[in-house]
Amino acid sequence: MNPNPRHLLEINDLGIQFGGLTALEHVTFSMDPGEIVGLIGPNGAGKTTVFNLITGIYQPTLGSINLGGQTLNGRKTHKIFQSGVARTFQNIRLFKKLTVLDNVRVAAHNQMDYNPLIGALRLPGYWRDEAYATDHAMRMLDIFNLTEHADEMASSLPYGQQRRLEIARALISNPKLLLLDEPAAGMNPTETQALMATIREVRDRFGVAILLIEHDMRLVMGICERLVVLDYGQVIAKGTPAEIRQNERVVKAYLGGSAV
Amino acid sequence: MNAATRKSWILNAIALAALSAAFLLPIQSGAVNAYIVGLLITALINIIMATSLNLVCGLLGYLALGHAAFMGVGAYAAALVSIHWNVPLSFPLALLVGGIAAAITGVVIGVPALRLRGDYLAIITLGFGEIVRIIMNNMPILGGARSLRGIPRITTVPVAYVAVIICVTLMFTLGRSRHGRAILSIREDEVAATSSGVPVTYYKILAFTLAAFFAGIAGGLYAHYMGVLNPNRFNFDRSIEYLVMVVLGGMGSITGAIIAAIVLTLLPELLRGLSNYRMLIYSLALILMMLFRPDGLLGTAEFSLVSIGRSFKRTRRSAQNEGRDHSES
């Protein structure tokens, strides 16, 4: 099947097995540029596995992943990042003993191209590239209200700001697709409200498509334009939030077999 | 380069010039005896060894136990250049060849070894280190166990000192470039690093190779200081010695590694008067150090004139504020 050029992301019949265990099977869905899609499902349904497959941490045993018509299968994780897929993690993964600014600048690595010798000798290429990257990173920190913490260790930030820093780090590369893994985990309702506004703003400002895993249904129903529901490694439903709410199989998966 | 950076560079250049004068003038005037000179050269060479190992252990966060082998490769390569190839400027050339030979060995060992981590990497680097030593022991051109002789003894304190300044400066600037940040990010979280576009395999090998390169230069200095080389000088014990310096100084701190290298070179000599109890006290010092400062002397921090200036200003300001509070009350 030829990839449809209109779609940004196309996942086709994706599957992965760990040893004899089938973690994902026949997962097929697509995303358009600038769309916010929610990936939901009970614990252990395989949501994070989908993220790990898209970003190349795992290699699929079956199926294909296409981004803008190019296959991501077999590509290394850092190459996939360079071709426009950035992510955050369920349990925040920052570079704890680096400063907030350096956390973002690490991800700006590929926007600089001086070699180690030029860097070590502090030749003009170093100053030019670093000035550009630092400027870019500071602007990103500004968007996420982290400017005043730029020189602090990432580990010293409170939880909510660590989440924001992770998103800032992901966005520095101007990705086409942003994967958010439970961005609202551990947040109170007020923080979740603020996060929803941030996610919408990120989409509008950067024109990035966002695929998010989330258990907070208010957030999911509030900002996702479409939902993909996973259960036991398979897609059991796709559609708008309104359609999903009415879907019997989804309600069954969440509430148990006898509920309907 | 902004104003603050320029200010700190100028400040450091002045401090370095002052330090160099204070350090080199007494030696040039001949006021110090040969024993002290030998000790100083050893300390300077150890500084390069400790700071270069710090690239792998401190910045990359991988435990490597074969660092002395790279020193050995560099020492022999540099010595051969000096012995067989008498051209002007052959000494800097010999050091460079030593560094490059060690770096090549670093790539050869690093590519397979860096697939592993933690204990496994420690063991495999230990094994590779011994293999390199045994190969050197059995190569006729290197003199084998009968030692390689006739190396010109060119390494003096000023020569070693200049080499240390150049090497340490390069390691410092490398650590604070996009490459240094990438290496640090691998230490912090490899999955997050690769997901942020850092080609982790490349940077692991780069860190390992650069560490080997600088160890090779230290080896070249050593060869031209001793005049005689024996492969058994570069055994496992030596690798451990350098590792102790890095751990003691604080993994990831260049200045910490420098201080630890100096202290651990001088300490056994200073304790010489205690004869038999010497190594006992040395070991005890290490144990106490690890008990009371498990992060090493400086942790990951660097000793910096600018930050000292800053904290001095802060203390003065708070002292002034206190004074004002008192006058108000």
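Student: Which residues does A:Val220 touch, not counting residues up to four places away in sequence?
Tutor: This is a predicted model, so keep that in mind throughout. A:Val220 sits in helix H8 (residues 217-223) of chain A. Leaving out residues up to four places away in sequence, its contacts are A:Gly38, A:Ile40, A:Glu214 and A:Leu227.

Student: Is A:Val220 buried or exposed?
Tutor: Count the other C-beta atoms within 10 Å, where 20 or more makes a residue buried. A:Val220 has 21 of them. That count is why A:Val220 comes out as buried.

Student: What distance separates the C-alpha atoms of A:Val220 and A:Gly41?
Tutor: Along the chain, A:Val220 and A:Gly41 are 179 residues apart.

Student: Let's do the six-stranded open sheet of chain A: which strands are its edges?
Tutor: The strand order is E6-E7-E8-E3-E9-E10, with mixed pairing. An edge strand here pairs on one side only. That gives strand E6 (85-87) and strand E10 (234-239) of chain A.

Student: And by how many degrees are neighbouring strands of this sheet turned against each other on average?
Tutor: Direction is ignored for this one. The average over neighbouring strands of the sheet is 20°.

Student: What angle does helix H1 of chain A make with E7(A)?
Tutor: Helix H1 (residues 47-54) of chain A packs on the sheet, touching strand E3 (36-40), E6, strand E7 (177-181), strand E8 (209-213) and E9 of chain A. Comparing its direction with that of E7(A) gives about 145°.

Student: Which helix lies across E9 and E10 of chain A?
Tutor: Look for a helix running at about 130° to E10(A). That's helix H10 (residues 248-255) of chain A.

Student: Moving to the contact between the chains, how many nonpolar residues are on the side of chain A that touches chain B?
Tutor: The contact takes 28 residues from chain A and 24 residues from chain B. On chain A, helix H2 (77-82), helix H3 (100-107), helix H4 (116-120) and helix H5 (124-143) each give two or more residues. By class, that side has eight polar, eight charged and, for your question, twelve nonpolar residues.

Student: Last one: what separates the centres of domain 1 and domain 2 of chain B?
Tutor: The domain assignment gives domain 1 (32-298) and domain 2 (305-329) in chain B. With centres taken over C-alpha atoms, the separation is 42 Å.

Note on methods:
Residues numbered from 1 in each chain as written. Chains lettered and ligands numbered in written order. Predicted model: local features only at pLDDT ≥ 70, side-chain atom pairs only at ≥ 80, totals over all residues. Contact = placed C-beta atoms within 7 Å. Helix = DSSP H or I, 4+ residues; strand = E, 2+ residues; numbered from the N terminus. Nonpolar A, V, L, I, M, F, W, Y, C, P; charged D, E, K, R; others polar. Domains from an automatic or database assignment. Pairing = 2+ DSSP bridges. Axes fitted to C-alpha atoms, helices over the stretch in contact; angles between N-to-C directions. Buried ≥ 20, exposed ≤ 12 C-beta atoms within 10 Å, placed from the backbone.
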